[in-house]
Amino acid sequence: MPEPDTSLSILIIDENRLRAAVIQDGLRDAGYNRLTVVHDVVGIARRISDISPDVIVIDLENPNRDVLESMFQLSRAVKRPIAMFVDRSDQAAIEAAVDAGVSAYVVDGLKRERVKPILDMAISRFNAFARMSRELEEARSQLESRKLVDRAKGILMKTRGLSEADAYSLLRKTAMNQNRKISEIAESLITAAGLLAPPEDT
Amino acid sequence: MNERRSHEIVAGFMPLLDSAILVAAKEKRFAAAEGIDLTLVRETSWANIRDRMAVGHFQVAHMLAPMPIAANLGLTPLAADTIAPIALGLGGNAVTVSNALWIRMAVHGAIADLDPAAAGRALRHVVAERLGATDAQLRFAVVHPFSGHNYELRYWLSACGVEPERDVEIVYVPPPLMADALASGTIDGYCVGEPWNTAATSSSLGRIATIKAALWRSSPEKVLGVAAKWAEREPEALAGLLRALCRSAQWCASRENHRELAEMLGARALIDRPAEWMLHGLSGTLDIGGGEARQADNFFVPFDKAATFPWKSHALWFYSQMVRWGQVAHSAGNASIARETYRPDLYRSALKPLGIALPSANAKVEGALVAPTPVGSAGASLTLGPDGFFDGTLFDPDRLDDYIEAQRR
């Protein structure tokens, strides 16, 4: 891997503060210290003009990408021409970036080797962040389904006089027979109980 | 299901009223009827649509009508060769100004009739007045440099004696943020598609001064951008999609479907705004602000007047404006790239089996028709017009050089 060119000035634009911090940390750890993070694009033209970044990293969800690109066309706001990505011919890097949800703009004429490590770092951090968010989401939904199953068990224990273990195995058997998730069965049962039974004091 | 192979197509779109034809093609199963499994992906910027076309995530996309031309001319980063074989309707934009600006315009004779000439004249007086008082320049917003909004706004200002590069400032703002920018005083006016004019007028934040349908009558706003490589590889899939879009356009045009269409577009997964907002643009009964409504009959035309036909004269007019505003240098080669971006040949060959009206010509003189006029067509009879620009200037695509020369400042 080539030695990072730490003299480059990098602007990170991301409305997601947590992700911006993750990217900033990654770049700082790699030795880049001329980093600026912006969460809001209001007044960005002035910031760009002040910072005069060599590289701009922005997330693809950002609705202000069009605004940012239009600024590159206005020489009044941006002193130096800025093109997109490291190198148009580097299709693999471009695809990896778009897949990861990140886009980078680079001052025209900057050599590929100097910018590639920055883009690679941004891509890997974006991917890591997406993975983290997904895991968090999964953990949350696992917790949700456990709560549902607990409530369904409670209903069965009360209405059918079953033990906790029997209530659970009934839910499980039903799920297997119907080829559905146990949490789905639990949810249907809770809904049905809510419809059929008189209101409980919960 | 018959033996026909089904085609998977992924289309990017922006949440705007004029995504209607694409959205209804999926929701009303016009695409499915052509054996197309159409997936729609909502995007947050035109830049994303362009990038995701370039890396092959999308085969086709809802695009600003000048965007494919800009892509083929190499004016945007990371653009793949893109063709426009169908337009997604005519009209749909408006110019909205702040209440404060409207009051000054009214003092100078602007009345609430959407007339571009009168509103523009009043605006010129306001600009002169502010210059005299050394007030800050008026600031107008559009959504993208390569957009009908940008060129229409500039055309209107210039034709009314306001120099866009000198007398006002033009900035870029994403559509959903326009009304807020107007309310906060960041901008004094904007040109955008629906429902983002209604977003301001329905909350009494601004007034619609004029509309695209009056500035350049019968003009396209969005097209279907198609990755050129994919189109070459999958001509059948493309032809099927064009037929589906044409049937969808017919459905969207029908008044009795407007309520359903408005609900569809207003839904959370789409534009996420009240269906009532969509109905203004669909019916042409505009909420122009100040509690007033105006009927603009051709405000948004999805099907009639060959509304989906990709006229080469439209492509060339957009090109002429790119030259006018310094986005590209004029050359015979560049003009040819622009002309070849729009593909009426693909449109005709795909839609022939439908028996709908197909124009015989590929280009027309914009402004030649001052009233609805029957024109040469195949399949069914066709009435076009009125078309052309509010100031009466003709655009003859065969005299492109003269037109560009006349607009040189």
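1. Two strands are taken to pair if DSSP finds at least two bridges between them; helices (H or I, at least four residues) and strands (E, at least two) are DSSP runs, numbered from the N terminus. B:Ala94 stands opposite B:Val192 in S9(B).

2. The model is predicted: local features need pLDDT of at least 70, side-chain atom pairs count only at pLDDT 80 or more, and totals for chains, interfaces and linings use all residues. Residues are numbered from 1 along each chain as its sequence is written, while chains are lettered from A and ligands numbered from 1 in the order in which they are written.

3. Strand S6 (residues 93-98) of chain B runs antiparallel to S9(B), joined by five bridges. B:Phe140 is opposite B:Gly189 in S9(B).

4. Five of the five residues of strand S9 (residues 189-193) of chain B are buried (20 or more other C-beta atoms within 10 Å of a residue's own, with C-beta atoms placed from the backbone), so the strand is largely enclosed by the rest of the structure. B:Gly189, B:Cys191 and B:Gly193 point one way from S9(B), and B:Tyr190 and B:Val192 the other way.

5. Between the chains, 19 residues of chain A are in contact (C-beta atoms, placed from the backbone, within 7 Å) with 16 residues of chain B. Helix H3 (65-73), strand S4 (82-84) and helix H4 (91-100) of chain A each supply at least two residues of the side that touches chain B. H3(A) gives the most, with six residues.

Definitions and conventions: Contact = placed C-beta atoms within 7 Å. Buried ≥ 20, exposed ≤ 12 C-beta atoms within 10 Å, placed from the backbone.
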